[in-house]
Amino acid sequence: MTRVEHAPRGVAVAGRFPGWLYVPAGLGAAVLLLPLLALLLRLDWAGVPAAITSPEAVQALGLSLATASWATLACVVLGVPLALVIARSSRGTAAALRTLVTLPLVLPPLVGGIALLSLLGRTGLLGEALAVWGIRIPFTTAAVVIAQVFVALPFLVISVEGALRTAGTRFEGVAAGLGAGRFTVFRRITLPLVAPGLLAGAVLCFARALGEFGATALFAGNAAGTTRTMPLAIYTAFNGAGVSEDTAIALSLMLIAVAIAVLVLMRGWRADAPR
Amino acid sequence: MSAAPEGRRDAAAGPAADAALVAELEVERGGFRLEASLAVGADQVLAVLGPNGSGKSTLLGAIAGHVPVARGEIRVGGRLLGGSTTRDVPLPARRIGLLGQQPLLFPHLSALENVAFGPRAQGLGRREARTESAGWLERVGLAGFERRRPAELSGGQQQRVALARTLAARPAALLLDEPFAALDVEAAAGMRRLVREHRAALGIPMLLVTHDPLDALVLAGRAAILQAGRLVDEGPIARVLGHPRTPFIAALAGVDLVEGVALDPATVRAAGGLVLRSAERADLVTGAPASAVFAPAAVHVRAAGADASPGAAAAVGEAGANRWSGTVASLEPTAGGVRILTAEQPKVAVDVPTAAAVALDLEPGAVLAFRVDPADVSVRPLV
């Protein structure tokens with residue numbers, strides 16, 4: 001995850017480094033890649049087509065893609081303004097807000113699920129009030145999206161906030177001086193300037209939402225068709241009675257393929273993508 | 001001195017009355033305090049000169065609306081833009097063009113889109129804005145560059161696009177903050193020519209911040225000198241630079257300034273005993289503080305005779321006026337010669353051509369005899 005976030009560009013330019021550093025570097029790569037390789041080796045290729053075209057798998061993938069898309073959209077709509085507020089506040093406020101926003105990144109997603117239940121559950125802080133209006137969120141598709149937003153939003157905010165800091169406010173000052181009001185400056189200057197950061201953040205958001213399991217399992221449950229996303233389908237297949245492990249492995253392969261496709265697509269779009 | 005016609009026009013116009021840009025302001029920023037009062041006519045260019053940190057950019061920032069004003073007021077074309085008595089007019093409504101050292105073109109927009117940004121933001125339709133902007137690009141000599149991105153333009157071309165963008169927004173006043181400083185010599189000359197060409201046609205007041213007296217001479221009619229947050233001099237260029245009021249301006253203008261007391265209406269006696277007489281008709285008050293100015297290249301140099309001793313001429317009077325001997329403190333190369341800086345009071349700079357420098361025994365510590373023609377000296381009362 002960190003590998004994709006901000007690849008250090010200095011390495012190639014900085015030039016020589018001690019040769020023995022190749023050893024931990026190789027080990028690091030092995031830690032990331034060997035498990036995936038093992039997964040591929042254990043795969044029963046003959047069973048793959050059946051496993052990934054089963055109605056359950058297709059349904060889970062569809063739900064995953066749909067919820068992750070909605071979650072990404074929500075992250076963009078909420079995250080860009082949040083990033084703007086952080087980037088433009090005083091140092092102290094910005095540091096406090098940044099810590100707050102980063103919290104979901106370091107919390108176990110399970111804790112996020114419990115926290116969401118405490119807020120929106122039947123006896124939760126808001127849940128009780130919502131229940132009066134007949135609105136029930138937990139264990140619905142909406143709950144899946146909310147759980148995904150909770151875990152994915154930090155990626156977008158951090159990425160966009162970094163881009164905003166790099167862009168600075170000089171261009172905005174020039175635009176205002178030329179007669180542009182605040183909204184015009186935001187739409188025609190600020191947003192285009194942070195577009196690459198926004199795109200990278202949105203892609204990470206989507207990938208994170210796609211893989212979300214812990215908070216979803218607790219807050220949204222595991223009902224086929226409404227809340228059983230790919231990760232939950234894999235978990236079900238792996239632990240489920242009478243279902244073979246091979247199905248879980250095949251579904252994992254599918255999720256990996258989708259994630260790789262998303263990351264590769266992002267590289268294609270971004271001219272300045274780190275090599 | 002050629003200052004006369006310029007000076008008369010200046011006196012007739014007077015400050016403030018019908019000037020298009022009037023700023024009387026105080027700015028407090030950290031420990032820095034800027035206090036300035038200036039007025040610029042509708043088709044005038046006022047050059048603001050001063051050392052680094054003297055508050056030049058702060059002054060422009062305050063007028064443009066980027067820097068808050070503590071006290072005072074700013075009026076452009078009769079419209080009150082800001083000050084202590086009223087709410088400041090917000091940045092987009094000020095219509096003040098500000099062009100700095102960096103072009104700051106929007107990197108994601110083409111040259112044409114950059115220029116069209118102001119007109120579009122001010123509500124002009126897409127097609128009109130594009131037509132108008134293409135015209136501006138043509139006027140800055142960049143027809144055919146419409147679709148280029150800023151990254152595909154040279155520094156000089158970027159600055160020209162930035163000028164077009166600033167002017168396309170139809171500013172009521174134009175503030176230029178060292179717009180040539182980051183350009184190479186050729187590009188700077190091109191930009192200077194452009195500003196000069198558009199100066200009259202625009203008919204708006206212009207403020208030009210620079211540390212290069214050449215910019216002031218080529219582009220501006222008047223100059224203001226800012227030092228440590230205060231205006232120390234303001235007037236027609238020829239007078240301000242031709243007869244500097246402070247050693248800083250003298251150094252900037254590249255002339256020698258000697259301060260002393262008037263001996264008679266055209267003669268100044270410096271503290272060290274040096275007497276400088278001017279051939280011009282001056283009206284110094286005897287006994288009052290006065291200053292004399294001459295160009296380093298106007299000084300004649302020869303090796304000192306055996307009788308010469310360092311210091312001012314022994315005999316003060318007709319024979320000793322405009323003559324002195326001095327010790328070489330240091331030497332600097334100049335275009336086509338050598339600049340001698342002398343050690344004794346008054347410290348002066350003297351330029352000699354290379355050929356003459358070779359003939360003299362030039363080295364630090366050498367004693368030389370100097371002479372300057374009364375025709376090359378101008379004198380003025382110290383204020």
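Where is the place of B:Glu178? B:Glu178 sits in the loop between E7 and helix H7 (185-202) of chain B. Helices and strands here are DSSP runs numbered from the N terminus, helices being H or I with at least four residues and strands being E with at least two.

Before going on, some housekeeping. This is a predicted model, in which local features need pLDDT of at least 70, side-chain atom pairs count only at pLDDT 80 or more, and totals for chains, interfaces and linings use all residues. Residues are numbered from 1 along each chain as its sequence is written, while chains are lettered from A and ligands numbered from 1 in the order in which they are written.

Back to B:Glu178. Its phi is positive, about 50°, although B:Glu178 is not a glycine. Most residues other than glycine have a negative phi. B:Glu178 counts as partly exposed because it has 19 C-beta neighbours inside 10 Å. The cut-offs are these: a residue with 20 or more other C-beta atoms within 10 Å of its own is buried, one with 12 or fewer is exposed, and anything in between is partly exposed, with C-beta atoms placed from the backbone.

B:Arg170 is another such residue: not a glycine, with a positive phi of about 50°. It lies in the loop between H6 and strand E7 (173-177) of chain B. With 17 C-beta neighbours inside 10 Å, B:Arg170 counts as partly exposed.

Chain A has 14 helices and zero strands. The C-alpha atoms of chain A fill a box of roughly 70 × 65 × 30 Å along the principal axes. Of its 275 residues, 33% count as buried. Two residues are in contact if their C-beta atoms, placed from the backbone, lie within 7 Å. Among contacts in chain A between residues at least 6 apart in sequence, 76% join residues at least 24 apart.

Chain B has eleven helices and 21 strands. Of the 383 residues of chain B, 45% count as buried. For contacts in chain B with a separation of 6 or more, 64% come from residues 24 or more positions apart. The domain assignment, which is automatic or from a database, gives chain B domain 1 (11-239) and domain 2 (259-383).

Next, B:His243. This residue is in the loop between helix H9 (237-242) and helix H10 (247-253) of chain B. B:His243 has 22 C-beta neighbours inside 10 Å and so counts as buried. Leaving aside neighbours within four places in sequence, B:His243 is in contact with B:Val293, B:Ser378 and B:Arg380. B:His243 and B:Arg380 are 137 residues apart in sequence, yet 7.7 Å apart in space, C-alpha to C-alpha.

How do the chains meet? In total, 16 residues of chain B are in contact with 15 residues of chain A. On the chain B side, the elements giving two or more residues are helix H3 (91-94), strand E6 (96-99) and H4. The largest share, three residues, comes from H4(B). By class, the chain B side has ten nonpolar, four polar and two charged residues. Nonpolar means Ala, Val, Leu, Ile, Met, Phe, Trp, Tyr, Cys and Pro; charged means Asp, Glu, Lys and Arg; the others, Gly among them, are polar.

That brings us to H4(B). Why is helix H4 (residues 111-121) of chain B described as largely enclosed by the rest of the structure? Because eleven of its eleven residues are buried. They include B:Glu113, B:Asn114 and B:Arg120. The buried residues of H4(B) pack against helix H10 (170-177) and helix H11 (182-211) of chain A, and against helix H5 (126-139) and helix H6 (155-168) of chain B. Just after H4(B), B:Gly123 takes a positive phi of about 100°.

Last, H4(B) against H5(B). They pack at an angle of about 120°, with axes 8 Å apart; axes are lines fitted to C-alpha atoms over the stretch in contact, and angles run from 0 to 180 degrees between N-to-C directions. H4(B) is therefore oblique to H5(B), where under 35 degrees is roughly parallel, over 145 roughly antiparallel, 65 to 115 roughly perpendicular, and the rest oblique. By class, this contact has nine nonpolar, one polar and four charged residues.
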